[in-house]
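Hi there,

Here is the structure I promised to pass on to you.

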Amino acid sequence: MSTAVATRTVLEVEGIDAFYGTIQALRGVSIEVHEGEVVTLIGANGAGKSSTLRAINGVLHPRRGKIRFEGEDITRADPHDIVKRGIAQSPEGRRLFPRMTVVENLEMGAFQRKDKAEIREDMDRVFELFPRLQERRDQKAGTMSGGEQQMCAIGRAMMARPKLLLLDEPSLGLAPIFVERIFEIVEQINKQGVSILLVEQNALMALDAADRGYVLETGRVVLADDAKALMGNEQVRKTYLGED
Amino acid sequence: MATQASTSIPRLRALKRPNAAVPIAVLLLGLILFWLGENLVRTPADFYQNFVYGATNGLLYGLIAIGYSLVYGILELINFAHGDVFMLGSMMATTFVGVTILGLTAGSAWYVLWPGIIAALLISMAFCGTLNASIERVAYRRLRTAPRLAPLITAIGMSFILQNVGLVWKGPRPISTVDILPHGAIFTIGGVAYTWSEFFVVAVTLPTLALLVWLVQRTRHGKAMRATAQDREAAAMMGIDVDRTISFTFLLAGALAGVAGTVFALYNTNTSFLTGFRTGLIAFTAAVLGGIGNLPGAVLGAMLIGLLEGFSDGLAWHALGSQWTEAVIFAILIIILVLRPEGLLGERTPEGG
């Protein structure tokens, strides 16, 4: 894994405030993702991790602040436009289309693309990463197990051929064996040149996989550092890694 | 443990409810079958005639019911204006084939008649599709995040507005459409002729339904519709333009109403500004009977209601007669809502799975 000083900045989030109705979810959140990096957001429930991803994805428009992707302002862009620019998300709770088959779900991931032959290639690649999905290709996504659904959700996001992949709680509710498999895959995807912004409750796994990390508390970034440094940080160890 | 307990309770209830309904349903169904059988034996000609009449109308109701189901599937909104879009489609067709524009008559040569009918279908489809999509754009889109009641009341308001448009356009009295469909018999069962005009309804409706299934199941737009219906936000995250997909759904539902309007006008040879209200409600009942949001369900429900209407209107032995038909249809709506609110084939599976 690289230290990312010299590389290009892919994503810049600059002091965004976001609200659900009158409730403020984000207070001046600023984060950066450089090319080829794995960056993680850690924090407790309701700290604003998912809201940050939703803002980047255009589902939750921030009231203040700026979001730039590859130098271009995407703060007010529509979600479908943002996907087209190269940001894909595997959302919290997976959010597969339950009554569509695995193949159809993967096709939906590639919705913005027109290159049929390459879409087929990418689907084969997803099946290579997740042989389990190949076996269930014609099964309705809603009838699969949690782990299989998570694979499908990550695969679906991969189908967009993103430059930046947003992963929201990929390990939530999965058996330990699946969690490890998912993190292996995240690493593999990153090696193919995709930058990754990873939101996790499982801070230990996340920091282990990441280059850098941000710690969020009640909608604010309270700490930002290299992943290794964060793992050594006493406060982080106490609060998020469960040490006394 | 806690989660297990909480899931097992609704499951028990789900098992219990049909148990209470089953004997009543079986008894009712038995009585209806007995009544139909007795009629078939006593007056076969009446039975066949009303079967043909009911099945033909059922197909038409199906086209309209699917419009309710498509929109409900994607927005969870009952588009009460849909029946009136259908009504305006029937008026459009009447104007187009009649003296006002084409001046077709029963005596027109086939090479004038059929292209004229096809043109009427296409124009009515385009008109109703655009109208329905515009209604969504103007009246429903801004209310998408509002409480459910707001778009529902708006839909009822749109229905009245369109009714009045029909009233202003064609006046209060029923208008007649030129009778241009051939009435010759294709074949005869039990002394009852199955005519070309009845076949016309089938010949238009079935391919339209097949095209719709293909469109929803196989095409990019269709898949986007299904994805949006299943999870709107996730669809947006996948790069689907949700607004455009919803517009497309209204366009499609409207186009189906246009087909139904044209076929209705040509087959029944008359229409009025009130047609949409009545037919729309019946088609809506059909959609609920089959399971609102469920496309095959809408067609099944519509066929059942069409047949019921035919039999109740016209059978000789112990039929209630046409003055009771609507009471029967809406009694069915109430019975379904009480006993099986999800409908015969289940709710909200636009892809029919």
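Let me start with a helix pair in chain B. From α2(B), the residues B:Ile64, B:Gly67 and B:Tyr68 meet B:His82, B:Gly83 and B:Phe86 of α3(B); residues are in contact here if their C-beta atoms, placed from the backbone, lie within 7 Å. Helices (H or I, at least four residues) and strands (E, at least two) are DSSP runs, numbered from the N terminus. By class, the contact of α2(B) with α3(B) divides into three nonpolar, three polar and no charged residues. In that scheme Ala, Val, Leu, Ile, Met, Phe, Trp, Tyr, Cys and Pro are nonpolar, Asp, Glu, Lys and Arg are charged, and the others, Gly among them, are polar.

Before going further, two notes on the model and its labels. This is a predicted model, in which local features need pLDDT of at least 70 and side-chain atom pairs count only at pLDDT 80 or more, while totals for chains, interfaces and linings use all residues. Residues are numbered from 1 along each chain as its sequence is written, and chains are lettered from A and ligands numbered from 1 in the order in which they are written.

Back to the geometry of that pair. Helix α2 (residues 44-75) and helix α3 (residues 82-97) of chain B cross at roughly 140°, and their axes come within 10 Å. α2(B) is therefore oblique to α3(B) (under 35 degrees would be roughly parallel, over 145 roughly antiparallel, 65 to 115 roughly perpendicular, and the rest is oblique). Axes are lines fitted to C-alpha atoms, for helices over the stretch in contact, with angles from 0 to 180 degrees between N-to-C directions.

A second pair in chain B is formed by α10 (residues 275-290) and α12 (residues 322-339), which pack at about 30° with axes 10 Å apart. This crossing of α10(B) and α12(B) is left-handed. B:Ile282, B:Thr285, B:Val288 and B:Leu289 of α10(B) meet residues of α12(B) that include B:Phe330 and B:Leu333. The contact of α10(B) with α12(B) has eight nonpolar residues, one polar and no charged.

Now to chain A. Its open sheet has four strands in the order β2-β1-β4-β5, with antiparallel pairing (two strands pair if DSSP finds at least two bridges between them). β2 (23-34) and β5 (72-73) of chain A are the edge strands, each pairing on one side only. Strand β1 (residues 9-20) of chain A is joined to β2(A) by eight bridges, and A:Phe19 has A:Gln24 in β2(A) as its bridge partner. Across β1, β2 and β4 (64-69) of chain A lies helix α1 (residues 49-56), at about 115° to β1(A).

As for how the chains meet, 17 residues of chain B are in contact with 21 residues of chain A. The largest share of the chain B side, five residues, comes from α7(B).

Finally, a backbone detail worth a look: A:Thr218 has a positive phi of about 40° although it is not a glycine. A:Thr218 sits in the loop between β9 (212-217) and β10 (220-226) of chain A.

Best wishes

Conventions. Contact = placed C-beta atoms within 7 Å. Left-handed = near helix turned anticlockwise from the far one by under 90°.
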